[in-house]
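Subject: Structure handover and notes

Dear colleague,

Please find below the structure that I am handing over to you. My notes on it follow directly after.

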Amino acid sequence: MEAVLFFIAAIGALGGAIGVIAMRNPFYSVLALIIHLFSLAVLFLLLTSAFVAAAQVVVYAGAVMVLYVFVVAYVGGGGESAWEPIPGQRFLAPLLGIVLFVELSVAVLGSALNALDTHGPHVSTGFGNPAAIGRLLLEKFLLPFEASSILLLLAAVGAIVLASRNKETT
Amino acid sequence: MNITWYIVLSSLLFATGVLGILIRRSPMVILLCLELMLNAGNLALVAFSRMVGNGQGQVFAVIVMVIAACEVVVGLGLIVAIFRRKLPLNVDDLRELRG
């Protein structure tokens with residue numbers, strides 16, 4: 001049962017990722033990314049991390065993707081020209097992607113991590129639920145938590161400054 | 001399923017994101033491919049967290065999610081600014097900063 005669910009979610013994630021880079025219209029790319037994110041949430045649930053899965057669905061598929069859809073609707077699709085500044089880029093890039101995948105896999109699988117071939121240790125039922133994550137965030141990782149909140153504020157202010165109409169330069 | 005499967009899937013997704021950045025030229029799709037790479041990293045973090053049986057990797061994944069949201073906000077702000085100035089939305093045409 002778990003294997004079936006894993007393969008369905010893996011095919012969804014991979015198909016979504018390929019859809020993102022293959023679609024001509026950016027709007028369809030965003031929709032493919034939403035499929036990818038939902039499949040990843042299923043994978044997170046299989047890894048018994050309920051809070052990360054819920055945050056994935058709410059934050060990514062809910063908030064960030066809505067932002068993308070708004071900007072795509074505002075800017076418009078627009079096709080890409082077939083002109084290539086680097087000759088043979090379309091054939092060289094997939095080769096480099098395959099090489100990177102093989103290299104990453106060899107680097108991880110060739111390491112001395114014996115626990116990779118297990119399902120992980122047996123964990124209690126509270127593993128990865130919001131209470132456990134919240135306790136870790138507010139006790140052990142309080143400083144990164146506060147730093148990320150300041151970063152979010154800075155990013156929001158920066159985006160407003162970037163996207164606002166600048167009367168002096170235009 | 002073994003943890004190995006998750007790690008191999010994560011590296012496959014990461015390579016897909018890199019491939020997208022190499023072959024696409026619209027800044028918006030490049031941002032989407034950055035999201036793919038960040039999510040592949042998140043999957044690896046959560047898988048390793050399950051392997052060790054420790055929740056700290058999941059906290060790391062949540063922080064990575066926050067960073068990704070910030071990156072999206074600033075990147076989309078840049079795209080809107082480029083569009084407002086009537087510049088082409090193509091990374092090959094936006095080459096003024098090139099030396």
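The domain assignment of chain A gives domain 1 (1-77) and domain 2 (129-165), the bounds being taken from an automatic or database domain assignment. The C-alpha centres of domain 1 of chain A and domain 2 of chain A lie 22 Å apart.

Before going further, please note that this is a predicted model, in which local features need pLDDT of at least 70 and side-chain atom pairs count only at pLDDT 80 or more, while totals for chains, interfaces and linings use all residues. Residues are numbered from 1 along each chain as its sequence is written, and chains are lettered from A and ligands numbered from 1 in the order in which they are written.

Chain A as a whole

Chain A has 6 helices and 0 strands, where helices (H or I, at least four residues) and strands (E, at least two) are DSSP runs numbered from the N terminus. The radius of gyration of chain A, taken over C-alpha atoms, is 21 Å, whereas a compact globule of 170 residues would have a value near 15 Å by the rule of 2.2 Å times the number of residues to the power 0.38. Along the principal axes, the C-alpha atoms of chain A fill a box of roughly 60 × 40 × 30 Å. Of the 170 residues of chain A, 25% count as buried, a residue being buried if 20 or more other C-beta atoms lie within 10 Å of its own, exposed if 12 or fewer, and partly exposed in between, with C-beta atoms placed from the backbone. Among the contacts in chain A with a separation of 6 or more, 53% come from residues 24 or more positions apart, and two residues are in contact if their C-beta atoms, placed from the backbone, lie within 7 Å.

One residue in helix α2

Ala41(A) belongs to helix α2 (residues 26-46) of chain A, and Ala41(A) is buried because 23 other C-beta atoms lie within 10 Å. Leaving aside residues up to four places away in sequence, Ala41(A) touches Ala53(A), Gln56(A) and Val57(A).

The contact between the chains

In the interface, 61 residues of chain B are in contact with 71 residues of chain A. On the side of chain B that touches chain A, α1 (3-23), α2 (27-52) and α3 (56-84) of chain B each supply at least two residues, and α3(B) gives the most, with 20 residues. The residues of that side divide into 42 nonpolar, 13 polar and 6 charged, where Ala, Val, Leu, Ile, Met, Phe, Trp, Tyr, Cys and Pro count as nonpolar, Asp, Glu, Lys and Arg as charged, and the others, Gly among them, as polar.

How does α3(B) lie against α3(A), parallel or perpendicular? The axes of helix α3 (residues 50-75) of chain A and α3(B) come within 11 Å and cross at roughly 5°, so α3(A) is roughly parallel to α3(B). Axes here are lines fitted to C-alpha atoms, for helices over the stretch in contact, with angles running from 0 to 180 degrees between N-to-C directions; angles under 35 degrees count as roughly parallel, over 145 as roughly antiparallel, 65 to 115 as roughly perpendicular and the rest as oblique. The contact includes Phe51(A) and Leu67(A) of α3(A) and Met65(B) and Phe83(B) of α3(B), and by class it has 18 nonpolar, 1 polar and no charged residues.

For helix α5 (residues 130-140) of chain A, the axis comes within 10 Å of that of α3(B) and the two cross at roughly 75°, which means that α5(A) is roughly perpendicular to α3(B). Here Ile133(A), Leu136(A) and Leu137(A) in α5(A) meet Gln56(B), Gln58(B), Val59(B) and Val62(B) in α3(B).

With best regards
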